[in-house]
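I opened this entry to record what I looked up in the model, entry by entry, with the sequence and the coordinates side by side.

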Amino acid sequence: GGRCSQLCKSTIGDLYEEQLTKGRTTKVAIMNAHIETHGIMTKSAAINAELSGTTSVIASLNRSSLTIAYAGDSAAIIGSKSNRRSPMLLTNSHDLSRPDEVARIERKGGVVMSTEEYDKIKGHMARKNSKSLAR
């Protein structure tokens, strides 16, 4: 997780800026920066992206328009000391304890499983592969 976080911290902002200089909209620039960062992370020999991950929040203020993008269970909160407004949560956690989040993942073709289920499948696949190699 720590290495993933460091990679995102050092990469995502630059990729976002690069996308904006190419004329992308804020939404597309943020999305592409996340996708490119994920690609770098999964190819990194220093990171086990299979079991590690990180979260991120990006806020972009352009004139009077605020765009918030987030991945994982990071939260974006806005408040104003000068207006004495209460802090307001701007995001919903991408948390697997939320049934709507599990449904969203499954609608996209993803599979949600516990760590124990994952380990069991991974162990089964490793045994299956070692048997086929022994033949």
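This is a predicted model: local features need pLDDT of at least 70, side-chain atom pairs count only at pLDDT 80 or more; totals for chains, interfaces and linings use all residues.

**Threonine 37**

I looked up threonine 37 and found it in helix α2, which covers residues 26-43. Its relative accessibility is 2%, so threonine 37 counts as buried. I then asked which residues threonine 37 is in contact with, leaving aside neighbours within four places in sequence. They are Leu7, Cys8, Thr11, Ile12 and Leu15.

**The packing of α1 and α2**

I turned next to the helix pair, since two packed helices are described by the angle between their axes and the distance between the axes. The axes of α1 and α2 come within 8 Å, and they cross at roughly 140°. That crossing makes α1 oblique to α2, and I noted that α1 passes α2 in a right-handed crossing.

I listed the residues that make the contact: on α1 they are Cys4, Leu7, Cys8, Thr11, Ile12, Leu15, Tyr16, Gln19 and Leu20, and on α2 they are Thr26, Ala29, Ile30, Asn32, Ala33, His34, Glu36, Thr37, Ile40 and Met41. Sorted by class, the contact of α1 with α2 has twelve nonpolar, six polar and one charged residues.

The largest nonpolar core has eight residues, namely Ile12, Leu15, Tyr16, Ala29, Ile30, Ala33, Ile58 and Ala69. The elements that give two or more residues to this core are α1 (2-21) and α2. A second, separate core has five residues, among them Cys4, Leu7, Cys8 and Ile47.

**Residues with more accessible area**

Is lysine 22 buried or partly exposed? Lysine 22 lies in the loop between α1 and α2, and its relative accessible area of 47% makes it partly exposed.

Glutamate 18 is found in helix α1, and at 36% relative accessibility glutamate 18 counts as partly exposed. From glutamate 18 to arginine 104, 86 residues apart in sequence, I noted 30 Å in space, C-alpha to C-alpha.

Threonine 42, found in helix α2, counts as partly exposed at 42% relative accessibility. The C-alpha atoms of threonine 42 and serine 52 are ten residues apart along the chain and are separated by 9.9 Å.

Lysine 120 lies in helix α4, residues 115-134, and is exposed, with a relative accessible area of 65%. Lysine 120 and glutamate 18 are 102 residues apart in sequence and, C-alpha to C-alpha, 42 Å apart in space.

**Arginine 63**

My last entry concerns the backbone. Most residues other than glycine have a negative phi. Phi of arginine 63, however, is near 55°, a positive value in a residue other than glycine. Where is arginine 63 placed? I found arginine 63 in the loop between β1 (56-62) and β2 (65-71), and at 76% relative accessibility arginine 63 counts as exposed.

Key: Residues are numbered from 1 along each chain as its sequence is written. Side-chain values use heavy atoms; hydrogens and water are left out. Helices (H or I, at least four residues) and strands (E, at least two) are DSSP runs, numbered from the N terminus. Buried means under 20% relative accessible area, exposed over 50%, partly exposed in between (1.4 Å probe, protein chains only). Contact means heavy atoms within 4.5 Å. A nonpolar core is a set of buried Ala, Val, Leu, Ile, Met, Phe, Trp, Tyr and Cys residues joined through side-chain atoms within 4.5 Å. Axes are lines fitted to C-alpha atoms, for helices over the stretch in contact, and angles run from 0 to 180 degrees between N-to-C directions. Angles under 35 degrees count as roughly parallel, over 145 as roughly antiparallel, 65 to 115 as roughly perpendicular and the rest as oblique. A crossing is left-handed if the near helix is turned anticlockwise from the far one by less than a right angle, and right-handed if clockwise. Ala, Val, Leu, Ile, Met, Phe, Trp, Tyr, Cys and Pro count as nonpolar, Asp, Glu, Lys and Arg as charged, and the others, Gly among them, as polar.
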